[in-house]
Amino acid sequence: MRYVDYALNLQSPPQDWGDFLQHSFICHRCEKTFSSVSDELYFFPDEDALYHRHQDNTFYRAFTIQKDGEIQIGAFDSVEENVIQQYAFSLDGKGGTVPAGDVNSLKASSKKFFDSMKQQKRKIRPAELRIDF
């Protein structure tokens, strides 16, 4: 897994990064699972999210698989509303991103992933939102 900026330059991960690396991960688009040593996974601190890089250079959200098999989605993602926030993007080559798709593709992509996890009888849990002052 790479901790990078939008130019794919390696960045210094936070001190608690090692805890995150103890998990495995799943791409919401292709449902491929990964260990933390995979070079196909990219964590973008500006997104505060993990992505799987596909061959077309689109980055799709990837989620943590907890030790009990439960999938942990983002705190602002919603199974009920079929929403995976910032579900996919490509890089614009200027240090920024270009969102992939529109609202309809967001809903369709999210629904497909959530329905698949339900069929596999995998529990899905949103991350807890922490605000530190």
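Predicted model: local features only at pLDDT ≥ 70, side-chain atom pairs only at ≥ 80, totals over all residues.

Author: Residues are numbered from 1 along each chain as its sequence is written, and side-chain values use heavy atoms, with hydrogens and water left out.

Reader: How far apart are the end C-alpha atoms of helix α2?

Author: Helices here are DSSP runs of H or I with at least four residues, strands are runs of E with at least two, and both are numbered from the N terminus. Helix α2 covers residues 103–119, and at 1.5 Å a residue its 17 residues should span 24 Å, the expected span being 1.5 Å times one less than the number of residues. The model agrees with this, because the end C-alpha atoms of α2 are apart by 24 Å.

Reader: Which exposed residues does α2 carry on the face turned away from its buried side?

Author: Buried means under 20% relative accessible area, exposed over 50%, and partly exposed in between, with a 1.4 Å probe and protein chains only. In α2 the buried residues are Leu-106, Ser-109, Ser-110, Phe-113, Phe-114, Ser-116 and Met-117. They cover an arc of only 160 degrees around the axis, so they lie on the same side of α2, the arc being that of the directions from the helix axis to the C-beta atoms. The face turned away from that buried side carries the exposed residues Asn-104, Lys-112 and Gln-119.

Reader: How many residues apart in sequence are the parts that Arg-125 and Glu-70 tie together?

Author: A salt bridge is a side-chain nitrogen of Lys or Arg within 4 Å of a carboxyl oxygen of Asp or Glu, and the side chains of Arg-125 and Glu-70 meet in one at 2.6 Å, N to O. Because Arg-125 lies in strand β10 and Glu-70 in the loop between β6 and β7, the parts they tie together are apart in sequence by 55 residues.

Reader: Is Glu-70 buried or exposed?

Author: Glu-70 touches Thr-64, Ile-65, Lys-123, Ile-124 and Arg-125, not counting residues up to four places away in sequence, where contact means heavy atoms within 4.5 Å. Its relative accessibility is 15%, and therefore Glu-70 counts as buried.

Reader: Where is Leu-129 placed?

Author: With 54% relative accessibility, Leu-129 counts as exposed. The place of Leu-129 is in the segment after β10 (124–126).
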